[in-house]
Amino acid sequence: MSLARVDTFAIDGVEARRVWVEADIRRGLSAFAVVGLADKAVREARERVRAALVNSGFVFPQERITVNLAPAYLRKVGPGFDLPVAVAILAASGQLPPDAVAGCAVVGELSLTGEVRAVRGALAVAEAVRRQRLERLLLPRSRAREAALVPEVEVLGVEHLQEAVETLRGEREPAPVPESEPEEPDGLDEPDLSDVRGHNGLIPALEVAAAGGHNLFLHGPPGTGKTMLARRLPSLLPPMTAPEAIEVTRLHSIAGLHGGGLVRRRPFRSPHHTISASGLVGGGGVPTPGEATLAHHGVLFLDELSEFTRPALEALRQPLEDGRVTVVRAQRVMVFPTRVTLVAASNPCPCGRGEAACRCSAADLARHQRRLSGPLLDRIDVSVTVGRPSGAALRSQSAPPSASLRERIVAARERQTARLARHGLTCNAQLDARLLRELSGATPEAHRALYALHDRNRLSARGHGRILRVARTLADLAASDAVLPDHIHQAAALRLDDQSLSVAA
Ligand SMILES: Nc1ncnc2c1ncn2[C@@H]1O[C@H](COP(=O)(O)OP(=O)(O)O)[C@@H](O)[C@H]1O
Ligand SMILES: [Mg+2]
């Protein structure tokens, strides 16, 4: 009888958790069993592992093989256990010395010919390898660059089972980690603001939303460019900080949206309005992150806001406020990050014709209004009406190229990040009421201006905070440490109060 153990990792929510693959080979009738809460793909590993071993020139032991995946309570999902199972069998059958796998984590899918195929979540695995103080990570070559983003882990990228074994035995130098691609010039294929005509009046609002990460609501008749404007917001956003880029790469790799290197662009997600609550914020039997998590550090765009289901919009409320979703399952609590800039767009009524031509029933209108005034608009800092531009404006007015606005936006974001870093925040949109009071930098005159507005417009406490937050961003755009009365007035113009919303709806 002989036994071998190989370290691997299972993706659980948005984390990688340590799993041990134990292979036990003993005399008896030829059999191969996989135990330890493995899903179908993992049980099918048996067939792939058997074929891959034989086709790579190794001996598949004709004895009783039991592979156990521990800890048993953790659900093991996906084909990434093929390679560790194969390596464990090779070690248990004496085809690989046991110390060759010591301190080395192994992940990878196998083809029947023994090719090592890409797996999701390489970055999360590499981070966990480091946390667990293992030294090396053997994984598919196409994911080596991603894993190498984590320092202090030796990355062994392989393309074939045979190569994996030779590398582990020390008979072959590990292949060098592929160079990172040359940094692509920003936004080459990204839609640019300069496509938009007749809306130059809206540019300050977009600039503020981009600079401060503020949630943005675009409302107005159909065909005026709301969707168009929303899709151009990413071209204005400041680049991600290094930790933000790592976090987005980890999440997108786990979701299978990306693999290979570092994600550099901020995410932009625009789920269809038929999406379920769990599709939006995450959940399910085997909890998976939702769109809000895939949009983390980027934009979550809800086009035709009033068409989304009430439960979906309700589910988004807390995550928008907290910047994360907590999913509780039998044994443990999972936290999915959801720090997004929400961009919502809506027509004035469901049929979209507006006013005289409107054919909506009273019930339609009531439903529309309920959705709009519901849970989310409370969280919107900047709200603009996208009207129908005049013929002259459409002809003569085109927006400046995004690049010409970006420098000021990037500088404004850098000021925020420097100010907020010690609070673990990066932009003004994340300021809660307490931090806003502490860090707004509003002069006494600015406070007076704010209270004057307050009395005149019957602002709610939330509306009050909203204006101050936006004013802080306007001050950052103007490179001013202090929030001055002028910034308060400009902020108020961007989002007068809750009434402009009821007018809009
Ligand atoms: N202000 C505008 N400038 C340039 N093109 C526009 C403008 N508004 C609308 N369009 C054109 O009309 C199309 C539909 O606009 P869209 O953004 O979908 O409108 P909305 O979302 O407000 O209904 C766009 O793809 C674009 O080609
Ligand atoms: Mg639209």
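Modeller: Before we begin, strands here are DSSP runs of E with at least two residues, numbered from the N terminus. By that count Ala4 lies in strand 1, residues 2-12. Please keep in mind throughout that this is a predicted model.

Biologist: Is Ala4 buried or exposed, and what is its relative accessible area?

Modeller: Leaving aside its neighbours within four places in sequence, Ala4 is in contact with Val21, Glu22, Ala23, Ala88, Ala91 and Ala92. Buried means under 20% relative accessible area, and Ala4 is buried, with a relative accessible area of 10%.

Biologist: What distance separates the C-alpha atoms of Ala4 and Ala478?

Modeller: Along the chain, Ala4 and Ala478 are 474 residues apart.

Biologist: How many of the 10 residues of helix 4 are buried, and which are they?

Modeller: Helix 4 spans residues 122-131 and is mostly covered, with eight of its 10 residues buried. These residues pack against strand 1, strand 2 (15-26), strand 5 (104-106), strand 8 (136-140), helix 5 (144-147) and helix 9 (242-254). The buried residues of helix 4 are Ala122, Leu123, Ala124, Val125, Ala126, Glu127, Ala128 and Val129.

Biologist: On how wide an arc around the axis do the buried residues of helix 2 lie, and what does that say about their side of the helix?

Modeller: In helix 2, the buried residues include Ala45, Arg48, Val49, Ala52 and Leu53. An α-helix has 3.6 residues a turn, so residues three or four places apart point the same way.

Biologist: How are the rings of Phe32 and Phe60 arranged as an aromatic pair?

Modeller: The structure holds two aromatic pairs. In the pair of Phe32 and Phe60, the ring centres are 5.5 Å apart and the planes are 50 degrees from each other, an arrangement that is tilted. The pair links distant parts of the chain, since Phe32 is in strand 3 (residues 31-35) and Phe60 is in the loop between helix 2 (45-55) and strand 4 (64-70), at a separation of 28 residues. Phe32 is buried with a relative accessible area of 6%, and Phe60 also counts as buried, at 5%.

Biologist: Why does the pair of Phe268 and Phe301 count as tilted?

Modeller: Planes under 30 degrees apart would count as stacked and those over 60 as edge-to-face. The rings of Phe268 and Phe301 have their centres 5.9 Å apart and their planes at 40 degrees, so the pair is tilted. This pair, too, links distant parts of the chain, with Phe268 in strand 11 (residues 268-269) and Phe301 in strand 12 (residues 299-302), 33 residues apart. Phe268 is partly exposed at a relative accessible area of 22%, whereas Phe301 is buried at 0%.

Biologist: Are helix 17 and helix 19 roughly parallel or roughly antiparallel to each other?

Modeller: Helix 17 (residues 444-457) and helix 19 (residues 485-494) pack with their axes 7 Å apart and at an angle of about 30 degrees. In this contact, Glu445, Ala446, Ala449, Leu450 and Leu453 of helix 17 meet Pro485, Ile488, His489 and Ala492 of helix 19. By class, the contact has seven nonpolar, one polar and one charged residues. Angles under 35 degrees count as roughly parallel, and helix 17 and helix 19 are therefore roughly parallel.

Biologist: Where is Ala479, which has a positive phi although it is not a glycine, and is Ala479 buried or exposed?

Modeller: The phi of Ala479 is about 55 degrees, and Ala479 lies in the loop between helix 18 (461-477) and helix 19. Exposed means over 50% relative accessible area, and at 53% Ala479 counts as exposed.

Note on methods. Residues numbered from 1 in each chain as written. Chains lettered and ligands numbered in written order. Predicted model: local features only at pLDDT ≥ 70, side-chain atom pairs only at ≥ 80, totals over all residues. Heavy atoms only, no water. Phe/Tyr/Trp six-rings, centres within 6.5 Å; stacked < 30°, edge-to-face > 60°. Helix = DSSP H or I, 4+ residues; strand = E, 2+ residues; numbered from the N terminus. Buried < 20%, exposed > 50% of the residue type's maximum accessible area, 1.4 Å probe, protein only. Axes fitted to C-alpha atoms, helices over the stretch in contact; angles between N-to-C directions. Parallel < 35°, antiparallel > 145°, perpendicular 65-115°, else oblique. Contact = heavy atoms within 4.5 Å. Nonpolar A, V, L, I, M, F, W, Y, C, P; charged D, E, K, R; others polar.
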